Amino acid sequence: MKPTITIESLRNPLGEFLLVNVVNGKGVIGICDTTRAFNTSRRTFYVGSESIINVFSSSDDDSANRQIWQCSSIDKCKNILGNKLKSAVEEFFYEGASLAKAVQPVLELLTDGLYVVHSGTAFPTDGAGNFFWNAYLIKHELNGSAPYNPAICYSKIYEPAFLVPTRNFSSYSEKNTAAAAARMKRGRRLGGIAYHLTGMFSALLSGHDNAAACLTKGEEFPCIIIEPMKDVLYLHDEITDTDRIMALSSPYVKLPLENISRSMIENFLLNRRVSVPEFHEEIRAKADKNLPLKGAARNLSAAIEQNLEKLPDAEMLSSAFAITELTDEHLELLLAGETKINDMYIISSNYYESIVYACNFLQYKDRQRFISFTTTILSTPSLSATYRYVAERLRFEMDAKVNETFKAIVASEDPIYIPIKELAQKYLVRYHEYVETSVNKFIGADEYEDEEFVSAMERAASGVGSGVQSSVDALVRLRDGTPVTVETSDGEYSSMALKKKLSEAPPPPKGSGDN
Amino acid sequence: MAFDSLRGERIYVSQNAATFLVGDYFSVFGNESEIPHIYEWSEVKSYCENQNGITIVTSDGENYPIPRMAFSDNAQFIRFRTIAEGQLSGAKCRLTQRILPPKYNYSSVDIPEQSFSAPCVYNEKDINSGSVAHIQSKAAKYIFLLGGIIFVAVFLALVFILGNLDKNWFYYLPISFFSGIGAGVVIFLISSVFARLRFADFVKHDVSALEETIIVVAHAGFAAVERCVYAGTELIPWSQADHYFETKTTIVITCKDKSVCWIPKRIFPKNVQNDVSSFIASRVTSK
């Protein structure tokens, strides 16, 4: 029978989305049960007869993180998928087709049920700062992979933005990434399409090279995400004055039953969480295998390594979705040891949990406030219990204020700083290297592709200044005062010399420091 | 949880114009304009099956009767109750006499290829043979006890009625002894007659009695499941088995919830029958 796809376009606070009802779907893409042992659960994301990704849990606990690993490549399914995934991405992101029109051929490949389709920013990492493409070769537990996130809770919406690859890492090549980057440079909008697996993780079906290119260039990676709607939400029923199931739920959408047609609700209820594909036995057997590591041990480009640090991790993202607003007044109260404002909890009843969530939220939403908040925490002895966590979160933030704070910690004799002294020392070394590299790269002007730096160089060359002084001025504008190095007499670069130059340099004109 | 991969079932009950759906949730639809009642299975307080149909009581006090005649055929009824029982615990279920173990005993697991598996349609001989052995195993100690009581009672009765214990004890003792044995034999014969009626009882009360069943004996557990709901991933773990006994034609495994799994030997090739018996013997204690 021919697949019947019904699509409704709706909107929620995160943006527009499609509610899709699939009846008589081809069942080529889906999640099935491949459990091997009692009291465990292994769900396998499959395409055709190929097991692509396994999601394993050793308990029924919805708040327990899952183990995720790749077991095959979607490249083996070209005969089934054809060009449908790539076409959907190109039509939507490049040709400007509507989301419904672009994804229609892909939706026909799904198993029966209710789906939510939306487009948003995805992060090509494993939620712990590792590049996504080679992060799932070995079975391991991933933070943020639990179906229920205690920070976000049931009622809040979030984007399952961390990606799990479906292509083998051996197909990663810098040449392909560079080609995708070149397309992007020519004005082509790159993107991908993904299928939600569990928690904050989605399987990237197409657009691996695009994701790598976006990361190389430090750009956001837009992605269409297909979420199977499998959960329900309890709300208060005023008629019966009880809490009962009143809405259907997926990470991105909480949809009240009264807003959904009866046929859609019935389709949701009749189709189970796991499907039984045509090649179930074959899929089950293939799910036991691991993805061959042959040809996968390659280094990533330096740009990817560097830009990965700028992407949020699972904790940051969950705090960002959990907290709606955090004003300066809230932060001041938190620093004063309060958890409530006007008899309402600012974040949580637990004080240290509130501090942790606040740090994560700010790190994702507002870097400067994050640095200011965390450095204040590190100078407040009563919050010493959070020092380790805060220092861990700060260690990738290359900032002069953080550098000064860690310098003070290293110099301090106070025993409360002992647990983080080693971390602080490592940061200082890393910060020094960062500064050296940044300035060497900038002043050397070898081959820059970073447009901001290139334009800054152009500004410097066009008479804003000359030589080291102009470079310093440009850098000051770009980096908002971050210490850098300048050329010394023997041709080497020294951060000390640059600091001296910087202190002598006139302040940058207002408005020219935007980067 | 078991039988998670079965597609949900939809039953319309014309008497109260309600539609019932079972799947990952139990839900009830009234008229078109009403918001449906959707319950998680943990919110189902009791599930009762009888000759007239199924009654589900939810934690909000609602009572949902689903008459037997609302189901289009036996297969739909079996699928409906399999999904429901697969999601519920035994404590919540009150079931009629079943030829197969209830589905709440099952867990989802992998069944390796080297397991013993065969299709089967039960016949009277399989069940009767096993049933007699079952009665024997269950009632043997009580029959023995009853024989002993009758022996003592007859002996005392003879002493009280006829007297002269010193002279007549030589007669009283064998009379009492054989009375006890006789009573035991009679009780055993009566229970065997009832046991032989068991298959007819199953056929009368359980829609699964004449359905084709898949029997599985594997390392992780055993199963006897109707073919119409068999997905090849459900087993009763051996830890759920209480004991087993074997007759010439049937192996019977009793579960801790007192339900019984009948395994007719004839479904396996002759050269495998002994292997199946010894495999079960290695997993469950005999009685």
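In this predicted model, the largest nonpolar core contains 191 residues, of which A:Val164, A:Ala194, A:Ala203 and A:Ala358 touch the most other members. Leaving aside residues up to four places away in sequence, A:Ala358 touches A:Leu326, A:Leu331, A:Leu334, A:Ile347 and A:Phe373. In soluble globular proteins, nonpolar side chains tend to be buried together.

Helix H9 of chain A spans residues 314-322, and eight of its nine residues are buried, so the helix is largely enclosed by the rest of the structure. The buried positions are A:Ala314, A:Glu315, A:Met316, A:Leu317, A:Ser318, A:Ser319, A:Ala320 and A:Phe321. Among the elements that cover them are strand E9 (162-165) and helix H11 (351-365) of chain A.

The axes of H9(A) and H11(A) come within 7 Å, with a crossing angle of roughly 95°. H9(A) is therefore roughly perpendicular to H11(A). From H9(A), the contact involves A:Glu315, A:Met316, A:Leu317, A:Ser319, A:Ala320 and A:Ala322; from H11(A), it involves A:Tyr357, A:Asn360, A:Phe361, A:Gln363, A:Tyr364 and A:Lys365. By class, seven residues of this contact between H9(A) and H11(A) are nonpolar, three are polar and two are charged.

In chain B, the domain assignment gives domain 1 (9-96), domain 2 (116-121 + 211-283) and domain 3 (125-199). Taken over C-alpha atoms, the centres of domain 1 and domain 3 of chain B are separated by 46 Å.

The contact of H2(B) with H4(B) has three nonpolar, two polar and two charged residues.

Between the chains, the contact takes 20 residues from chain A and 23 residues from chain B. On the side of chain A that touches chain B, the elements giving two or more residues are strand E14 (242-249) and helix H6 (262-270) of chain A. H6(A) provides the largest share of that side, five residues. By class, the side of chain A that touches chain B has ten nonpolar, three polar and seven charged residues.

Definitions and conventions
Residues are numbered from 1 along each chain as its sequence is written. Chains are lettered from A and ligands numbered from 1 in the order in which they are written. This is a predicted model: local features need pLDDT of at least 70, side-chain atom pairs count only at pLDDT 80 or more; totals for chains, interfaces and linings use all residues. A residue is buried if 20 or more other C-beta atoms lie within 10 Å of its own, exposed if 12 or fewer, and partly exposed in between; C-beta atoms are placed from the backbone. Helices (H or I, at least four residues) and strands (E, at least two) are DSSP runs, numbered from the N terminus. Two residues are in contact if their C-beta atoms, placed from the backbone, lie within 7 Å. Ala, Val, Leu, Ile, Met, Phe, Trp, Tyr, Cys and Pro count as nonpolar, Asp, Glu, Lys and Arg as charged, and the others, Gly among them, as polar. Domain bounds come from an automatic or database domain assignment. A nonpolar core is a set of buried Ala, Val, Leu, Ile, Met, Phe, Trp, Tyr and Cys residues joined through C-beta atoms within 7 Å. Axes are lines fitted to C-alpha atoms, for helices over the stretch in contact, and angles run from 0 to 180 degrees between N-to-C directions. Angles under 35 degrees count as roughly parallel, over 145 as roughly antiparallel, 65 to 115 as roughly perpendicular and the rest as oblique.
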